Amino acid sequence: MLAKGRKVAGRGEAIAAHYAFGPQEDDIIIKHRLLTRTTTTRGEPPLKKLQKKFTSFALEIEKDADNYSDCERLAKAFLQELTTFELPLLKSQAVMDANLREKENFNELKDEINRQILQAQAEIEDLKKQLEESKIERQHKEECEAIRRLISMQPPRSQTQKILTELEKEIAMLEAENTAGSRTLELRKKQFALLLHVVDELQNTIEEDQKSLVEEMRIALDEQRNLVEDASGISEAMAVD
């Protein structure tokens with residue numbers, strides 16, 4: 001039997017096994033040992049024993065002497081050795097058949113596992129989609145709940161409608177007041193324009209009156225001066241006389 005060498009790795013390293021033969025050579029050796037029924041290098045191989053028994057029996061038969069008992073003894077020994085050699089073969093055949101059945105069962109189990117893996121993967125994908133849909137649905141529910149809370153915080157519709165009606169009335173009143181104010185403002189503008197026109201006319205009249213008064217005063221002063229001059233001339237004439 002071939003010895004196997006093993007390398008002990010340090011801590012944290014993988015343990016690597018080193019073999020004297022490769023996998024193909026190992027298969028050839030194992031096959032040869034199964035055929036020859038040799039599992040150890042000690043002792044004589046069973047096939048060689050069987051060959052010796054058969055050779056002894058064949059040589060004994062070929063003799064011309066009266067050796068019937070020897071031939072029978074060698075034949076029994078050969079058959080016994082053949083039976084001894086056949087039993088492990090039958091056992092190996094049974095083991096091989098069991099291994100084949102086990103291999104078939106393993107392949108079936110492997111196919112079933114692969115099918116279950118594919119089914120599990122498909123179920124996982126479906127669950128992922130359902131999870132995404134659940135997240136979206138939950139988000140929508142949270143948004144609806146937030147909107148509902150905002151709506152619940154608002155006053156009732158009747159109260160809101162009442163407030164709107166009052167606001168519409170106030171707007172109408174303000175519009176009416178605005179219209180009245182606009183009309184009043186327009187009237188005030190017209191009155192103010194008329195007042196300005198009257199003031200201008202009054203100012204023109206006052207200026208004309210002032211001019212007339214100044215002219216009258218000038219004329220009066222001229223007349224008074226003429227009278228004074230005339231009076232002075234008369235006095236001088238009287239003095240000369």
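Is Asp222 buried, partly exposed or exposed? Asp222 is partly exposed, with a relative accessible area of 23%. Here buried means under 20% relative accessible area, exposed means over 50%, and partly exposed lies in between (1.4 Å probe, protein chains only).

1. **What you are looking at.** This is a predicted model: local features need pLDDT of at least 70, side-chain atom pairs count only at pLDDT 80 or more, and totals for chains, interfaces and linings use all residues. Residues are numbered from 1 along each chain as its sequence is written, and side-chain values use heavy atoms, with hydrogens and water left out.

2. **The elements.** The chain has four helices and two strands. From the N terminus on, they run β-β-α-α-α-α. Helices (H or I, at least four residues) and strands (E, at least two) are DSSP runs, numbered from the N terminus.

3. **Cover and contacts.** The chain has 241 residues, and 5% of them count as buried. It exposes about 21800 Å². Carbon and sulfur atoms supply 58% of that area. Accessible areas come from the Shrake-Rupley method with a 1.4 Å probe; for residues, only the protein chains shown count as cover. Now take contacts between residues at least 6 apart in sequence: 45% join residues at least 24 apart. A contact means heavy atoms within 4.5 Å.

4. **Helix H3.** This helix covers residues 68–153, which is 86 residues. At 1.5 Å a residue, it should span 128 Å. The end C-alpha atoms of H3 are 122 Å apart, which agrees. The expected span is 1.5 Å times one less than the number of residues. Which residues of H3 are buried? They are Cys71, Leu74, Ala75, Phe78, Glu81 and Phe85.

5. The whole structure has eight salt bridges. Each is a side-chain nitrogen of Lys or Arg within 4 Å of a carboxyl oxygen of Asp or Glu. One of them joins Arg148 and Glu145, at 2.5 Å from N to O. These two residues are three apart in helix H3, so about one helical turn separates them. Arg148 is partly exposed at 46% relative accessibility. Glu145 is partly exposed too, with a relative accessible area of 28%.

6. **Why that spacing?** An α-helix has 3.6 residues a turn, so residues three or four places apart point the same way. Side chains of opposite charge can pair when their charged atoms come close.

7. Return to Asp222. It forms a salt bridge with Arg225, the closest N and O atoms being 2.4 Å apart. Arg218 forms another with Glu215, at 2.2 Å between the closest N and O atoms. Arg218 and Glu215 are three residues apart in helix H4, so about one helical turn lies between them. Asp222 and Arg225 are also three apart in H4, again about one turn. Glu215, Arg218, Asp222 and Arg225 are linked in a network of salt bridges. Arg218 is partly exposed at 41%, as is Glu215 at 35%. Arg225 is partly exposed at 43%.

8. **A nonpolar patch.** Ile163, Leu164, Leu167 and Ile171 form a nonpolar patch on the surface. Together they have about 330 Å² of accessible area. Patches are made of residues with over 30% relative accessible area and no salt bridge: like charges are joined within 9 Å, nonpolar side chains (Val, Leu, Ile, Met, Phe, Trp, Tyr) within 5 Å. Ile163 sits in helix H4, residues 157–240. Ile163 is partly exposed, with a relative accessible area of 38%.
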